[in-house]
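This report walks through a few local features of one model, for a reader who is meeting it for the first time. Please keep the sequence and the structure in view while reading.

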Amino acid sequence: MSSKADDFDVRFRDDREGRAWGSGADGNYANGDDGDGGYDGNDHGAIGGTVDYDLDYDANGWDTQGFRRPEVGYPDHHETAQLGAGVHAAPTRENEQRNGREHGRGGSHARTASHLQADPPTWTPDAPGSTGPWLPNQPPNQPPQPGRRGRRERPGGPRGPRGPHDRVKVKGSWWRHWTWRKALGLVLSIIGGLVVLGAVAVIMIYEHTSVPSSAMAATGYAQTTVESSDGTLIGRFGTTNRVQLNYDQIPKSLIWAVLAIEDRNFFNEGGISPTGIVRAAYEDMRGGDLQGGSTITQEFVRQYYAGIGTQQTLSRKFKEIFVAMKVAKEKSKQWILQNYLNTIYFGDGAYGVQAAAETYFNKPVWDLTVAQDAVIAAVIQQPSTYLLPQYRSDLVARWHVVLNGMVATGHLTAPQAAAMKFPAIGDNVPRSVGKDVWDPYILQQVYYELVDVYHFSQSQIYNGGYVIKTTIDDAKMKALYQAVQQNEMQMAADGGALQSYMHIGAVLENPANGAIEAVYPGPGYPGSRYVDADGVTHTMTAKECKILDCEVNMAVYNREQVGSSFKPYILATAVEQKMNVQTSTLDGFDDLCIPPDTQPSTYPVTGTAVDPATGKLLGCPVSYDGVTNDDTAENGPYTPQNAMAQSINTAYTDLWHQVGGTAVLNMAQSMGVNLDLSGLDTMTHEAGVALGQASLTVAEQATMLATIDDNGVYHDAHVISSITRNGVVTPIQITSSLVFSPDPTLNTEEATQVQYAMSKTTVDGTATAAAMTDGREIIGKTGTTNTAQSAFFIGAIPQEALAVGMFTNNQSGTGNQTLNGLGGQSQGGFGGTWPATIWHTYAQNEFLPLPVVQFTTPVFTGQMWNLVPPNLRNVGKKHPKKKHDQNPNPGNGGFPSPPPGNGNPNPYPTYSCDPSVVTCNPNAPGGDGNTQSVSAIEAGAAMGGIFAGLPATCLWVRRRARRGVTKRG
């Protein structure tokens, strides 16, 4: 291989212009005309004759600059030979100069684009005396054309830029020669590509990111609050202290305080703050305090929507940003701010601004001062620590930042901010149960009503954030508790205190709508103040509570036999079947064997004797039920009214047989009795149903009484009056129905007949102790079971219905548990004694101040029924008066006598015949106006309320300390 000088003959031709004769050295990068080699040349060549020598040759002998080794593909090594047939010119200096400009490099081995197609070169020497190179195909000693310079090939010609001599770029040549411009261009290109790809990716992710369809369950968690009718707290369900507010309920001063410290551009930004993000990133990188670049919308999205999360990942952050942008576009700023302020945590178990205001300042949020607003806004940053005593100085500093922010945003003046003092902060964690002794019982009633009637789940109740308003009247509750406790103390004072196995329940119901306004469910939960067996008031202990079953609601959920207070169901069924109460006669003869209800036209027969050991009536035919009255003097025909007042067992058992057990059960159900829980559904054809052997609740008895009181209109008994959540009202489910007839007029008329029949109980019947001092009308009924294990009095005035029950744990009719002996009275367990006196005590305090309202004047429709066997209708024998040796009025020396004039402002019509006289003409119209011969005082001992001779087999017992009364349908 030749040396560099042999390979490339570089001669400097133009001394006058100081430029190289040819420009092939720069041809590869120049932007001038094409040279012979097909590479772009420069008209001026390389300055000072510089040439880029690159001796790296490829397999074919070409180097990276387009030159070839001399010995490859050429017939000789003449250093001045030039490839190709250039423009022929004389070898003069001018030609040489022109050749160099037009054809590029003048070296002997410049590459052409089409050397394989070129004719074999012919070398000719320079003319004598010439200093230029030999030119191929140039005749020797040919002078140049006069007046012309060397001619450039035109485009498209055989040597033009698109001809066969276009330049050929060798692979890898561009990468071998780097400049800073190349490097910068490459870097910028890569960055630009990444930016474009990133933008496309962001757009695609944004478009495919949707706002979650539901909020996180926890963000909606809030305690359900239960209140009495006047708004007093009864209690709360759940542990999440949150109260949902509407935007309009949140004071503007609190809103501006929060925005001043959390997001001043909230109303002007689109969900995110790019400047905030950059600022936070800068502060974090420089090692300053950890910054948050999130807007309120981002904070809200993170805490409110399911699937966003809080993980410190880039993908989650992008999702949060995109969702925030979409929420800001789809939702109003007010909606976002409302839910944000209801969602965020403020420490100490408080979620949302309302809970925070109540927890720290014991007042609703709309009553806060601006200084208190600023405290709540300051707590948002560190809710778990700022309120701790050791971080109080940090909270105060943050509070000042809030005030300064409000000044900066124009919502507070500097003098106002300077004059403010940091407010005192309390720790008013809300009670889960109210302060009244009855609150736990009411809370339980509300819970079961929500479950049974409204079908709420436990999660809804505990986390739904509902506000439940109840029908409970705190003043009436207090009066009812006082009436019970006053009589308990009297019992103890009279020598017969209430024992641990004895219980009292009472229910006050509004007959117009079924609202339970007051109850006496028990003495109180552990920690409550109660009256013990000695009449002493002290605090209930857990041990005592277990003995007394203090957590069982004795008024609503405990079930016990109700005795003769069940008889109004029988009478109502007969009236529904068109019996005329005024003109009909019942078979009240003693010791009757009652036929099955499947034989309604069969008359009862008289039994032969009563077994003294069992009390069972002997001599009854098979499938007949033996029934006795509580006194042998109760023997003969009775009107339905007198039989109700004196509680004649045989009369109403025979009436049950006449109307049928199925019809009685249907009537009981229509008045609100749960046939399943009471056991009635298994007693359809048992005569003992008429005497109260089924297990009912005090509340069910109150509802039956209220239905009769409201002229035969049944209303669901309930304690819930309203249910709201975030301003949305849940419709109250209270059904009302006519129980006697679908015709409202006829329904009322028939109900008045039952009212009429029950109107003498407190006048000269078994409950004169309940009579009120103003002599107003009362409809009522007593009830006492075998061995006085249950005692009831239910009584009503037109405005209110009150049922009082007393009972023992054992309801079997056997054993030593009895209510007898209460208050030192041998018959202290009768419905006409202590239950009636408790009713009277409450009525004197609460009913007496009410205006006197008369019951609807009775309208007697239907047919006369005479259930007395024909052979006994004209027996001329008069019954002896009842005798009672004990003082029937505990504590005050005697039952109150009926007021003059029969004690009624609107006296009822007299009955058709004197039921104390056996000889009675039931077909005679009207009556003689005689009253029953038994005096009010003699009847008031409630002797008629007990049926001591009732066979134990008739007393089906089922005591259930369980819920169920609120379950409807």
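## Loop residues with positive phi

In this predicted model, D549 sits in the loop that runs between α17 (542–548) and β10 (560–561), and although D549 is not a glycine, its phi is positive, at about 55°.

## An open sheet and its helix

Five strands form an open sheet in the order β2-β1-β5-β20-β21, and their pairing is mixed. The edges are held by β2 (233–237) and β21 (728–730), each of which has a single partner strand, so one side of each is left without a neighbour in the sheet. From one strand to the next, the twist averages 20°.

Strand β1 (residues 224–227) pairs with β2 in the antiparallel sense over four bridges, and the bridge partner of E227 in β2 is L233. Helix α14 (residues 439–452) packs on this sheet, where it touches β1, β2, β5 (467–470) and β20 (720–725), and the direction of α14 makes about 50° with that of β2.

## A nonpolar surface patch

W180, L184, V187, L188, I191 and V195 together make a nonpolar surface patch of about 610 Å². One of these residues, I191, is found in helix α4 (residues 180–208) and is partly exposed, with a relative accessible area of 45%.

Definitions and conventions
Residues are numbered from 1 along each chain as its sequence is written. This is a predicted model: local features need pLDDT of at least 70, side-chain atom pairs count only at pLDDT 80 or more; totals for chains, interfaces and linings use all residues. Side-chain values use heavy atoms; hydrogens and water are left out. Patches are made of residues with over 30% relative accessible area and no salt bridge: like charges are joined within 9 Å, nonpolar side chains (Val, Leu, Ile, Met, Phe, Trp, Tyr) within 5 Å. Accessible areas come from the Shrake-Rupley method with a 1.4 Å probe; for residues, only the protein chains shown count as cover. A salt bridge is a side-chain nitrogen of Lys or Arg within 4 Å of a carboxyl oxygen of Asp or Glu. Helices (H or I, at least four residues) and strands (E, at least two) are DSSP runs, numbered from the N terminus. Buried means under 20% relative accessible area, exposed over 50%, partly exposed in between (1.4 Å probe, protein chains only). Two strands pair if DSSP finds at least two bridges between them. Axes are lines fitted to C-alpha atoms, for helices over the stretch in contact, and angles run from 0 to 180 degrees between N-to-C directions. Contact means heavy atoms within 4.5 Å.
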